[in-house]
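Work through the exercises below with the structure open. Each task is followed by a solution in steps.

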Amino acid sequence: MICRLWRGWTSRENAASYEELLRGTIIPGIEARAIPGFRHIDMMRRPLGEEVEFATIMWFDDLAAIEAFVGEDAQVAHVPASARAVLARFDERAIHYEVFDRREQAA
């Protein structure tokens, strides 16, 4: 299992628009591709002064699944033009971590 971490920052004024874009367009578009080995995505946000930071963690079976998502350069960020229009800045490259242990907790 590999988790893929990416971050982007936007103004407080654009934060709701970006969140709506993520929830309504970007993530559903990724899910519609039915990428083999893509397991799930976590979306997070936090206020940072005048900005809001967004982070996504995507979970994949292996590097081949990530390459099916973004291409041969697995670290390149996937940032559609619509997202670039509201983000002030973003990570140009994603970070990948090999998940060597995952412990589900009882509810």
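**Exercise 1.** In this predicted model, which side chain meets Asp 101 in a salt bridge, and what is the N to O distance?

*Solution.* Step 1: the partner is Arg 103, at 2.7 Å from N to O. Step 2: classify both ends by accessibility. Asp 101 is partly exposed at 42%, and Arg 103 is exposed at 63%.

**Exercise 2.** Find the salt-bridge partner of Arg 102, and classify Arg 102 by accessibility.

*Solution.* Step 1: Arg 102 pairs with Glu 104, with 3.5 Å between the closest N and O atoms. Step 2: Arg 102 has a relative accessible area of 41% and is partly exposed. Glu 104, at 64%, is exposed.

**Exercise 3.** Locate the salt bridge of Arg 7 with Asp 91 in the chain, and decide whether Asp 91 is buried or exposed.

*Solution.* Step 1: the two side chains meet at 3.4 Å, N to O. Step 2: Arg 7 lies in strand 1 and Asp 91 in the loop between strands 4 and 5, so the pair links parts of the chain 84 residues apart. Step 3: buried means under 20% relative accessible area; Asp 91 has 16% and therefore counts as buried. Arg 7, at 32%, is partly exposed. Step 4: both residues belong to a salt-bridge network that also includes Arg 46 and Glu 53.

**Exercise 4.** Describe the surroundings of strand 3, residues 51-60.

*Solution.* Step 1: strand 1 pairs with strand 3 in the antiparallel sense over 10 bridges; Thr 10 stands opposite Val 52. Step 2: strand 2 is also antiparallel to strand 3, joined by 10 bridges, and Met 43 has Thr 56 as its bridge partner. Step 3: two residues separate strands 2 and 3 in a hairpin, where Gly 49 has a positive phi of about 65°. Step 4: eight of the 10 residues in strand 3 are buried.

Methods:
Residues numbered from 1 in each chain as written. Predicted model: local features only at pLDDT ≥ 70, side-chain atom pairs only at ≥ 80, totals over all residues. Heavy atoms only, no water. Buried < 20%, exposed > 50% of the residue type's maximum accessible area, 1.4 Å probe, protein only. Helix = DSSP H or I, 4+ residues; strand = E, 2+ residues; numbered from the N terminus. Pairing = 2+ DSSP bridges. Salt bridge = Lys/Arg side-chain N within 4 Å of Asp/Glu carboxyl O.
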